[in-house]
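Trainee: Could we go through this model together? I would like to start with the rings.

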Amino acid sequence: MSMRSELGKVRGLGAAHEGTGHFWQQRLTAVINLPLVVFFVWYVADHIGADRAAIVASFKNPLVAFGFGALIVSTCWHMKLGLQMIIEDYVHGHFTKFGSLIANNLYAFGLMGLGLLAILKMFLGN
């Protein structure tokens, strides 16, 4: 028999033992993505018809490089959280679920790293 109250048993300890942190991270990245996607649409609309040299030159502007870097980090993190939730809910079997979660993390962080590397290369390149 436990001496803890019912509230003490459930506070911050759901089935995943993480509370609502995952839920709030996903909502926070969704809200952050809204202005970043508006920035992305504005950038694409502003550069329609521009050649590659003009696009690369525009990434020398720190605001453009930072905006795209933030967009990549936020969208990749949001994607990782969403896929993690799907895997945890619908993939059964311990090893399959564990492998899927590792593949999800490798994919999300790999995509994030490649995107940031490309932006850094355009920002610092000649």
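Trainee: Which residues do ring pairs link into a cluster?
Mentor: Ring pairs link Phe39, Phe40, Trp42, Tyr43, Phe59 and Phe68 into a cluster; rings of Phe, Tyr and Trp (its six-membered ring) pair if their centres lie within 6.5 Å, and planes under 30 degrees apart count as stacked, over 60 as edge-to-face and the rest as tilted. Keep in mind that this is a predicted model, where local features need pLDDT of at least 70, side-chain atom pairs count only at pLDDT 80 or more, and totals for chains, interfaces and linings use all residues. Residues are numbered from 1 along each chain as its sequence is written, and side-chain values use heavy atoms, with hydrogens and water left out.

Trainee: How are the planes of Phe40 and Phe68 set?
Mentor: Their planes are at 75 degrees and the ring centres 5.9 Å apart, so the pair is edge-to-face. Because Phe40 lies in helix H2 and Phe68 in helix H4 (residues 62-90), the pair ties together parts that are 28 residues apart in sequence; helices here are DSSP runs of H or I with at least four residues, numbered from the N terminus.

Trainee: Is Phe68 buried or exposed?
Mentor: Phe68 is buried, with a relative accessible area of 9%, where buried means under 20%, exposed over 50% and partly exposed in between (1.4 Å probe, protein chains only). Phe40 is partly exposed at 35%.

Trainee: New topic: where is the charged end of Lys80?
Mentor: That charged end sits over the ring of Trp77, 5.0 Å from its centre, which requires NZ of Lys or CZ of Arg within 6 Å of the ring centre and within 35 degrees of the ring normal.

Terms used
Helix = DSSP H or I, 4+ residues; strand = E, 2+ residues; numbered from the N terminus.
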